[in-house]
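The sequence and structure are shown below.

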Amino acid sequence: MLQRSTEEMEIVVDIYESVDAVRGHDPDLETQDTRKDLNTDHRGDTAWSRCYRVTAVCVVLLCVLLLTAVTVLWIRFNNLTTENNQLQTSYNTLTIERDQLQKVREELQKLSKQGFIYFSSSVYYISTEEKSWTESRKDCRERGADLVIINNKEEQEFISKILSRTKAWIGLSDGDREGEWKWVDGTPLNTGFWGQGEPNSYAGHEDCVVIHDHTDPVWNWSDYPCSRQFIWICEKTVVI
């Protein structure tokens, strides 16, 4: 009987312990803890996402800035290259012009020593001896020139001035056809500076022309027989 009572009491104690154990387990608390953990994880994920987005935006902006900088530098490089090429071309052109001017200067100095006088774009030589028109032209050619061709009033006045009232052959004649005046280069006469009553073709054989300023520094051409002997004027064009 005593033994049975002891067993029943142990069963009751076990029941109470089980109830207490059950009471110690609170499902609501576990749910709250789980939600708390989930919320903590969610906030962590959100912060990481924001950080990632900010980093991505910064990288994109940096790429854009780098691309812009590279584009600007490339354009500037091309402009500088173009400017450098232009400067090099200008330098080469100036160098060529300098060399040409040097050659012209040396040529003019050489011609000056030979008695040539520079005016406008030509040099002129006035002989000190007298010859026929044909022989005078031959001498000019041997000097690398030809009898003078007068193209305008300024050249006419210049030649008249340096002649100092002396008759001189010029490169004009009508030997091929009477009255058809041509220069030594084959071009026809367009503007003449004939003296009063000239050309008169006296006795029908005055086929060559002299210049003189006995009466007028401009209108002073006369036709003469080509066999007459006068000084002559050679002309050579100088290319500058």
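## Helix α4 and its surroundings

In this predicted model, helix α4 is followed by Ser164, a residue whose phi is positive, near 55°. The helix itself comprises residues 153-163. At its start, a side-chain oxygen of Asn152 comes to within 3.3 Å of the backbone nitrogen of Glu154.

Six residues of α4 are named as buried: Glu155, Gln156, Phe158, Ile159, Ser160 and Leu163. The cover over these buried residues includes several strands. Among them are β1 (116-119) and β2 (122-126), as well as β4 (168-173) and β6 (208-211). Strands β7 (221-224) and β8 (231-237) also contribute to this cover.

## The disulfide of Cys140 and Cys234

How many disulfides does a search of the whole structure find? The search finds two. One of them is formed by Cys140 and Cys234, with their sulfur atoms 1.9 Å apart. Cys140 belongs to helix α3 (residues 133-142) and Cys234 to strand β8, so this pair ties together parts that are 94 residues apart in sequence.

The torsion about the S-S bond of Cys140 and Cys234 is about -85°, and the disulfide is therefore left-handed. Both Cys140 and Cys234 are buried.

## The disulfide of Cys208 and Cys226

Cys208 and Cys226 form a disulfide in which the sulfur atoms are 1.8 Å apart. Because Cys208 lies in strand β6 and Cys226 in the loop between β7 and β8, the pair ties together parts that are 18 residues apart in sequence. This link is right-handed, with 90° about the S-S bond.

Are the two partners buried or partly exposed? Cys208 is buried, with a relative accessible area of 0%. Cys226, at a relative accessible area of 24%, is partly exposed; the cut-off for a buried residue is under 20%.

## Disulfide pattern and further cysteines

With bonded cysteines counted along the chain, the disulfides of the protein follow the pattern 1-4, 2-3. Cys58 takes part in no disulfide, and the nearest cysteine sulfur to it, that of Cys51, is 9.5 Å away. Cys58 counts as partly exposed, at 47% relative accessibility. Cys63 is likewise partly exposed, with a relative accessible area of 47%.

## The annotated coiled-coil region

The UniProt annotation "coiled-coil region", taken from an unreviewed entry, covers residues 84-114. In the model, residues 84-114 are 97% helix and 0% strand. The end C-alpha atoms of this span lie 45 Å apart.

## Overall architecture

The protein has four helices and eight strands. Read along the sequence, these elements follow the pattern α-α-β-β-α-β-α-β-β-β-β-β.

Of the 240 residues of the protein, 27% count as buried. Among contacts in the protein with a separation of 6 or more, 71% are accounted for by residues 24 or more positions apart. The protein exposes about 17,300 Å², of which carbon and sulfur atoms supply 55%.

Terms used
Residues are numbered from 1 along each chain as its sequence is written. This is a predicted model: local features need pLDDT of at least 70, side-chain atom pairs count only at pLDDT 80 or more; totals for chains, interfaces and linings use all residues. Side-chain values use heavy atoms; hydrogens and water are left out. Buried means under 20% relative accessible area, exposed over 50%, partly exposed in between (1.4 Å probe, protein chains only). Helices (H or I, at least four residues) and strands (E, at least two) are DSSP runs, numbered from the N terminus. Contact means heavy atoms within 4.5 Å. A polar contact is a pair of N or O atoms within 3.5 Å; within protein, one must be able to donate a hydrogen and the other to accept it, and residues adjacent in sequence count only if both atoms are side-chain atoms. A disulfide is a pair of cysteine sulfur atoms within 2.5 Å. UniProt positions are given in the numbering used here, feature names are shortened, and annotations may be inferred rather than shown by experiment. Accessible areas come from the Shrake-Rupley method with a 1.4 Å probe; for residues, only the protein chains shown count as cover.
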